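Student: I would like to learn how to read the pockets of a model. Please take me through them one by one.

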Amino acid sequence: MTHDLDAAIKAALPEAAVLTSPPAPVATEWAADLLQRLYGKRGRLKPLTGERDANFLLEPEDGGARCMLKLSHPDEDPLVADFQTQALLHLARTDPGLPVQRLLPDRCGAASVQIEDAEGRTRVARLFSYLEGQPMPQAPRSAAQRSSVARMLARLDLALAGFEHPAGARELPWDIQRADRVRALLVHVADPERRALAESALDGFVQRTKPQLGLLRRQPIHNDFNLYNLLVDPDDPARVAGILDFGDMVHAPLVDDLAVAASYHLDEHGDALATIARFAADYHAVSPLTDAESFALLDLVRARLAMVVAISGWRAARQPDNAPYLMRNNAISWARLQACAELTPEQVQAAIQAACRTTEAIHD
């Protein structure tokens with residue numbers, strides 16, 4: 001029965017294969033040798049947690065700035081890593097002040113290098129600057145912080161505009177454009193009321209928004225602007241000090257980036273309508289939204305939340321040893337999905353327009 005279910009899921013969501021690949025760690029000693037050979041760096045190397053890649057923090061023995069070695073998963077197409085590499089190089093040119101990691105070249109000046117690991121598997125090696133700051137989940141939440149996140153995302157999206165790469169068109173499990181494909185994964189949701197809640201979110205996306213996706217502005221987007229990928233200033237938790245993890249980048253409707261970020265900042269116990277509207281208005285103040293984008297936002301937010309509970313539940317069932325990490329956003333995502341279940345796109349669009357007028361009046 002399990003085999004039949006896995007086959008059905010793979011048929012519905014073939015791009016999820018990389019999510020089911022087993023971890024592919026490398027020995028710290030091997031990584032240290034690679035660092036010395038490629039980059040001429042030595043020091044204390046510490047393995048870091050990563051969803052797919054093998055990551056290491058280096059504290060150089062010469063007392064220089066810390067940096068991070070990233071080795072892509074051998075099952076991932078090197079073109080995907082190049083997408084991220086070229087995006088970071090693009091951002092360094094278009095908005096050098098953005099708080100993103102910078103690529104540190106190897107001895108030959110290359111931003112990335114294809115290597116073979118100790119098992120003969122092809123991987124992409126890159127060395128990044130290390131961003132200092134407090135992980136946002138460890139900092140207090142505030143309206144000012146949400147505003148900072150929305151405005152920083154808008155700035156990032158403006159900087160990514162005009163960037164193109166062939167890997168942007170790849171099919172990605174976390175791409176809201178394909179949200180309805182995760183419906184097959186909801187078999188792992190035992191509670192029928194919860195399952196119906198997620199299915200309703202997917203229904204709204206399919207019926208109202210999916211047919212209109214081709215009319216929305218498109219470009220490469222970060223696609224994973226969640227709290228775990230953001231750092232804040234420890235002395236000013238409202239200020240975003242770092243943007244991490246471009247591993248889920250995709251070429252998609254621009255408003256999808258806003259929907260992803262907004263879905264992680266919903267107050268599950270408060271006024272979801274006001275939170276979405278305020279967040280969108282702050283984004284709009286930096287990068288103006290179209291009417292079509294503000295109308296689509298609710299369906300995209302709800303679809304993203306349905307994807308979180310569907311994919312995380314499915315992956316946790318397959319990888320029980322990693323379940324706590326995979327399910328870290330699951331409970332709160334169900335609460336957020338419930339909090340916006342009764343809203344309509346018309347309500348949200350009107351609230352966004354009102355919030356935008358308020359923002360403009362304050363700054364006039």
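Tutor: This is a predicted model. Start with which element contributes most to a lining: in the second largest pocket that is strand 2, with three residues.

Student: What is the volume of the second largest pocket, and which residues lie nearest its centre?

Tutor: The volume is about 410 Å³. Of the 24 lining residues, Pro23, Gly50, Glu51, Arg52 and Asp53 lie nearest the centre.

Student: How does the lining of the second largest pocket divide by class?

Tutor: There are 12 nonpolar, eight polar and four charged residues in that lining.

Student: Now the largest pocket. What is its volume, and which residues are closest to its centre?

Tutor: The largest pocket has a volume of about 1200 Å³. Its lining has 46 residues, and Thr49, Tyr228, Asn229, Asp245 and Tyr325 are the closest to the centre.

Student: Which elements give two or more residues to the lining of the largest pocket?

Tutor: The strands are strand 1 (43–48), strand 2 (54–60), strand 3 (67–71), strand 6 (122–129) and strand 9 (230–233). The helices are helix 4 (78–94), helix 9 (291–318) and helix 10 (323–326). Helix 9 provides the largest share, four residues.

Definitions and conventions. Residues numbered from 1 in each chain as written. Predicted model: local features only at pLDDT ≥ 70, side-chain atom pairs only at ≥ 80, totals over all residues. Heavy atoms only, no water. 1 Å grid on protein atoms, 1.4 Å probe; cavity = no way out; pocket = protein on both sides within 12 Å on 5 of 7 lines; lining within 4 Å. Points joined across faces, edges and corners; volume = space filled by probe spheres on them. Nonpolar A, V, L, I, M, F, W, Y, C, P; charged D, E, K, R; others polar.
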